[in-house]
Number of protein chains: 2
Amino acid sequence: MRAQPLIRSKRITNRDKILSESVGIFNRMGAGSTSTNHICAALAISPGNLYFHFKNKEEIVAAIFQQMCEETYGLWKSALAEETFLPPMAFIERSMEIFWRYRFFHREMYHLRRQDPVLSKLWHKHLEKTRRFMRAAFHKWVRKGHVTTVGDAFTFRMINDIVLVTASSFFQFYESPERPATTKPLQLANQYLARFLEPYFTPDYARQVTIQ
Amino acid sequence: MRAQPLIRSKRITNRDKILSESVGIFNRMGAGSTSTNHICAALAISPGNLYFHFKNKEEIVAAIFQQMCEETYGLWKSALAEETFLPPMAFIERSMEIFWRYRFFHREMYHLRRQDPVLSKLWHKHLEKTRRFMRAAFHKWVRKGHVTTVGDAFTFRMINDIVLVTASSFFQFYESPERPATTKPLQLANQYLARFLEPYFTPDYARQVTIQ
DNA sequence: GCAAAATTAGAGTTCTGACTCTAAAACAAT
DNA sequence: ATTGTTTTAGAGTCAGAACTCTAATTTTGC
């Protein structure tokens, strides 16, 4: 497809710059209201240049989504590996950082999905994958003694989905387009989730987490 | 400002039709991707007509928001009145119906707020009002014996905000632009919230609610 | 150094959507 | 009816955004 240099260089290409600048602008200005022209202007490159690297705006968004997924999967892998194992709250905090870094997605996902079926499919797959991972992680945490076994499947689903919904929708409540973003919502979300999950932690772990 | 007939007629004006049709289209198609032309076409009226009734698209959205607020405040009032008092879950179910009826707002609020400072202000006021109401309602429910006193203020805030975030962000997870919307997400959200709140209900009320 | 390939600039095209303007139609009050 | 007011139609304007095309420039492999 794209004639990408295979190994030879790790110098920063315009393609990379477009992606990382886009994430920044999307977070600040909203993906929906950012035009490709804005991106070009911010990088002082020409539209021709941008469209050489990406077929269209959707392709940029999809590429960013993939990038986010890969970071996420990397975190998952290390969280469940023995040497780099993460207990629940540590894991949540690390996940939240990713959510925060790509927060425009969570704010605008519905809108983006609506106008790009490809992204919509990617999103659904990722959601499925997330649910499967959560199941695995919970089992691990139970075995490690951080979490008490959750009785019924419905409660588990509830916990699962509420954590997910909260993590991804929380920021838009506490972020205002009017003023520049701070990481305060990030911390608040972590604290909320800790308090929310407390009843499901083992007494030992609960003590450890809530002492702060 | 607008030369609105004062009392004389309750016949359905185009203004009303525009509002109610817009809610429908916005829910189905997304407010962001619905143009005023779409609305005109759906009602088979001319753009001139639409712009006679509303200065611009934002004014339509703001009018709908006001309408939603009024319905909400009506519900609040009746929920706390002695004769029409509603216990927590009944109240949540009724609230959820309103959320559902205006779900496009909750899906796209961030985006809409971004491009309309007036709406943004309305939204913040409404959020504040909601928090104040929730506080009052909790106290009432404690007095009525549905809810055990929530110890610390932080837990209360957590419950409050998680209910709010869940209620308003839940649907976008379970709705796909690809297929027509069903009310299943609505029921699921209610069940989740019931399960989530269970630990804070009095044993009596909890039994009553979870029997289903 | 040179040819081929990759990258870039930037003007230009096309399209869509918000909104305007004018004239006509419908309606109301006298 | 007639005069004034409200409502409507619909063609038309304008701006912005996505995207194209061609010609230059840079980079790469040899």
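**First stop: A189(B)**

Select A189(B): beyond its neighbours within four places in sequence, this residue is in contact with M96(B), T166(B), A167(B) and F170(B). Two residues are in contact here if their C-beta atoms, placed from the backbone, lie within 7 Å. Before going on, note that this is a predicted model, in which local features need pLDDT of at least 70 and side-chain atom pairs count only at pLDDT 80 or more, while totals for chains, interfaces and linings use all residues. Residues are numbered from 1 along each chain as its sequence is written, and chains are lettered from A and ligands numbered from 1 in the order in which they are written.

A residue is buried if 20 or more other C-beta atoms lie within 10 Å of its own.

**Where the chains meet**

Next, show both chains. The contact takes 28 residues from chain B and 28 residues from chain A. On the chain B side, helix 6 (103-115), helix 8 (153-174) and helix 9 (184-197) each supply at least two residues. Helices are DSSP runs (H or I, at least four residues), numbered from the N terminus. Which helix of chain B gives the most to this side? Select helix 8, which gives 11 residues.

**Two helices in chain B**

Move to helix 1 (residues 14-29) and helix 2 (residues 36-43) of chain B, which pack at an angle of about 110° with their axes 10 Å apart. The axes are lines fitted to C-alpha atoms over the stretch in contact, and angles run from 0 to 180 degrees between N-to-C directions. The two helices are therefore roughly perpendicular to each other, a term for angles of 65 to 115 degrees. To see the contact, display K17(B), I18(B), E21(B), S22(B) and I25(B) in helix 1, which meet H38(B), I39(B), A42(B) and L43(B) in helix 2.

**Last stop: chain A as a whole**

Finally, select chain A and colour by secondary structure: there are 10 helices and 0 strands. Its C-alpha trace spans about 60 × 45 × 30 Å along its principal axes. Of the 212 residues of chain A, 28% count as buried.

Technical notes. Parallel < 35°, antiparallel > 145°, perpendicular 65-115°, else oblique. Buried ≥ 20, exposed ≤ 12 C-beta atoms within 10 Å, placed from the backbone.
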